[in-house]
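Dear colleague,

Please find below the structure that I am handing over to you, with its sequence. My findings follow directly after it.

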Amino acid sequence: MGMRKNQTMICAPLMADTVDQVIELSNTAKLKGADIVEIRLDYLKSFINSAEIQKLIRECPLPTIFTYRPVWEGGEYNGDEITRFKALQLAMELGADHIDIELKGAHEFNNFLSGKKPENCKLIVSSHNYDYTPDAEELGNLVARIQAAGADIVKFATTATDITDVARVFQITVHSQVPIISMVMGERGLISRILCPKFGGYLTFGTLEPGKVSAPGQPTIDELLNLYNFRSINIDTKVFGIIGNPVSHSKSPKLYNRAFKEDGFNGVYVQLLVDDVSRFLKTYTSPDFCGYSCTLPHKEAILRCCDDIDPVAKSIGAVNCVVRRPNDGKLFGCNTDYTGALTAIEDALQDPQFSTTLPLTGKLFVVIGAGGAGKALAYGAKEKGARVVIANRTYERAREVADLVGGQALSLAELSSFCPETGMILANTTSIGMHPNIKETPIPKEMLSNYMLVFDAVYSPKITRLLQEAQESGVKVVTGVEMLIGQAYKQYEMFTGLAAPKQLFAEIMQQN
């Protein structure tokens, strides 16, 4: 597991019908690497008595938080408050390490306790906003109200309508004078859960298995520990990530985080579900947010946000890698897409007897898609001496890119009957066929035998319908995984200043 570099705990929420099931889950949580468990009394189906609470505390192998969440705060309990308060008071008296009470009920609960709170039990006062994340001033006032309600530990959870909401929560967390649990729910809030050790959060929640969440957007314990190297994140950790929408399917965190760990590099690489790339970059200006990979649909928009752009990326009109220069904080953009894809295509075409041949020279190279990746590939193929054709759903976009590289334009419909010669190369740079739409393909199967090689930038699934039908037609294929690895080499070196661990990248992609 490596040396622990932060004090932030991983808390496993335990939701089950019976006390015995909760105890079983608590043992699983310990095995998986959790530090503490949250026992959700509101999920238990039986009446909660002293013996059951005592059993939970006695047999649970980890420190505990007892929560009895009412329906009005997003929980399951729908009874009267006195019954709920009595159960929480019992847990306190019998040795619970923490009790979680909602801000809305905290005053009433404190009156119920009449000051009889055991010294060794910490009171978490919590607030949940399932609609949005308030502004900084409102969040500050919320924290002050929670503290005034007698909290030993402040807890609030908001909902991300945009990834920039998380920045306000980081600011509150890092300046908090008391222990604080601060989460932003939903996929856009994922970085609040992963990066909380960097900003001094008391704990984060990690589930025992995917989907079994107590709030939207919770990662698993396994992901926190083994994908994001959670124990190694500290105040000095550099943050990298993949900007896109959608982005949850990305395999890049597996590549970079494993390589960071092997190289002893203090960095973490995360998925960044971004709606407005300009707003994102203007919000996260800290020098610790050091670099980004960029995928659909932001490769063209991000170019306009860079302070300095590599000439090739400028010619293509698309950027897939941005690095913050450490000396002046300026953003430098470049494009590694075409090098990764073209290297993989050339390797597949290379005749081992003639290693000096130029496999793309004179070939008819058909690119599907006129977005950032399509432009990059068209530009690169032209540079390698290929004759380029651009096919796109909207002909006008295809025409724009064709004019840029001196090629021919087609609509996607026209591609279905396009066959001026055989031995062509086909490269799909669109998301057609990407998970979950795995039955889609951009071209009829009967046309594929006219090509000598088919490449698909989609890598989830690795073998798309397009590639499967190409293989069935006896055509060589190159997968998006090979492109991903190729462009990742260059990005890793730009991010870290270290040589890319090429063998490790190949092994990781083989396993996944």
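Predicted model: local features only at pLDDT ≥ 70, side-chain atom pairs only at ≥ 80, totals over all residues.

Residues are numbered from 1 along each chain as its sequence is written, and side-chain values use heavy atoms, with hydrogens and water left out.

Helices (H or I, at least four residues) and strands (E, at least two) are DSSP runs, numbered from the N terminus. Helix H1 spans residues 19-32 and has 14 residues. From its first C-alpha to its last, H1 reaches 20 Å, close to the 20 Å expected at 1.5 Å a residue, where the expected span is 1.5 Å times one less than the number of residues.

Buried means under 20% relative accessible area, exposed over 50%, and partly exposed in between (1.4 Å probe, protein chains only). In H1, the buried residues are Val-19, Val-22, Ile-23, Ser-26 and Ala-29. Seen down the axis of H1, these residues fall within an arc of 115°, so they line one face of the helix; the arc is that of the directions from the helix axis to the C-beta atoms. Glu-24 and Leu-31, on the other side of H1, are exposed. Strand S1 (9-14), strand S2 (36-40), helix H2 (50-59) and helix H9 (221-227) pack against the buried residues of H1, contact being heavy atoms within 4.5 Å. Just after H1, Gly-33 takes a positive phi of about 110°.

In H2, Glu-52, Ile-53, Leu-56 and Ile-57 are buried. They cover an arc of only 130° around the axis, which puts them on the same side of H2. Ala-51 and Arg-58 are exposed on the other side of H2.

The structure holds 0 disulfides, a disulfide being a pair of cysteine sulfur atoms within 2.5 Å. The sulfur of Cys-121 is 14 Å from the closest cysteine sulfur, in Cys-60, which is too far for a bond. Likewise, the sulfur of Cys-294 lies 8.7 Å from the closest cysteine sulfur, in Cys-306, too far for a bond. Cys-121 is buried, with a relative accessible area of 1%, and Cys-294 is buried, with 4%.

Yours sincerely
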